[in-house]
Amino acid sequence: MKKIFTVLLTVIIAVCSISGAMVVDAASKNTVKTSITKIESKAKGFKVTFKKKSKIKGYQIQYSTSSKFKKSSTKTKTISKAKTTSATISKLKGCNKKYYVRIRTYKVSKGKKIYSGWSKSKKVTTLKHKYNKATCQKPKTCKYCKKEKGEALKHNYSNGECLACGKKLVAEANGYKVGDVTTARNTEGDTYVLEYLGEDRWKDQKGNIWTSYQNEDGSMHWWMIG
Ligand SMILES: [Zn+2]
Ligand SMILES: [Zn+2]
């Protein structure tokens, strides 16, 4: 009788451990999915909000410039807290860039991460460029990505001082006397012969009028004003 009981017990334990293992496997296959509830555009990034799920360990967010989430253009962010319900992705490549975003949950079984299926993907576009006004020193510049647009404004000199930035013209064009001739080159590499007319005004061979100022390092800078 005792022997039969022992055999029976062994069988019960064996059945229990097999079914126990089966329960774990079934559970891992059914790791619960979540979904994205909201995506907000941010400067060079976005904020994604998703549904909180229980009985999980965390979430994994994927974002990609490819709708098919090709490996080469996809990045992954892991959130290791089940209670978290949003994440901000920042420092992406630039303004006005489209990304596809999806999310899944994971749990840990026997030291291994078991993932749910992916949620449906959602599209988000990072904020458009936002340009600051041009100044005499800098062209319009995007507040977010620092991209420049157009050209810097010209200094607006009055009585030898720029009304906008306060830059002072150097009196008598850094030591040149009226009638002195010099050459100046523009950024395209064109060379101009300039004759000094006085009061920071110069004239080139074609009769165009130029003005000048002295850079901080003492070098002269010329540009055409008419
Ligand atoms: Zn920008
Ligand atoms: Zn200025």
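This is a short tour of a predicted model, stop by stop.

**Before you start.** Residues count from 1 along each chain as its sequence is written, and chains are lettered from A, with ligands numbered from 1, in the order in which they are written. Because the model is predicted, local features need pLDDT of at least 70 and side-chain atom pairs pLDDT 80 or more, while totals for chains, interfaces and linings use all residues.

**Whole chain.** Show the cartoon. The chain has two helices and 18 strands (DSSP runs numbered from the N terminus: H or I of at least four residues for helices, E of at least two for strands). Of its 226 residues, 15% are buried (20 or more other C-beta atoms within 10 Å of the residue's own; 12 or fewer is exposed, in between is partly exposed; C-beta atoms are placed from the backbone).

**Stop 1: the main core.** Select I39, F46, V48, F50, Y59, Y63, I89, Y99, V101, I103 and V124. These 11 residues form the largest nonpolar core (buried Ala, Val, Leu, Ile, Met, Phe, Trp, Tyr and Cys joined through C-beta atoms within 7 Å).

**Stop 2: F50.** Centre on F50. Which residues is F50 in contact with, leaving aside neighbours within four places in sequence? They are T34, S35, I36, T37, Y59, T85 and I103 (contact: C-beta atoms, placed from the backbone, within 7 Å).

**Stop 3: the five-stranded sheet.** Select β14 to β18. This open sheet runs in the order β14-β15-β16-β17-β18, with antiparallel pairing (two strands pair if DSSP finds at least two bridges between them). β14 (181-185) and β18 (220-224) are the edges; each has a single partner strand, so one side of each lacks a neighbour in the sheet. Neighbouring strands are turned by 40° on average, direction ignored (axes are lines fitted to C-alpha atoms, for helices over the stretch in contact; angles run from 0 to 180 degrees between N-to-C directions).

Zoom in on β16 (201-203) and β17 (209-214). Three bridges join these antiparallel strands. K203 stands opposite I209 in β17.

**Stop 4: two lysines.** Most residues other than glycine have a negative phi. Select K91, in the loop between β5 (86-89) and β6 (98-109). Its phi is positive, about 60°. K91 is exposed, with 7 other C-beta atoms within 10 Å.

Then pick K146, in the loop between β10 (140-142) and β11 (148-149). K146 has a positive phi of about 70°. Buried or exposed is K146? Exposed, with 9 C-beta neighbours inside 10 Å.

Note on methods:
Two residues are in contact if their C-beta atoms, placed from the backbone, lie within 7 Å.
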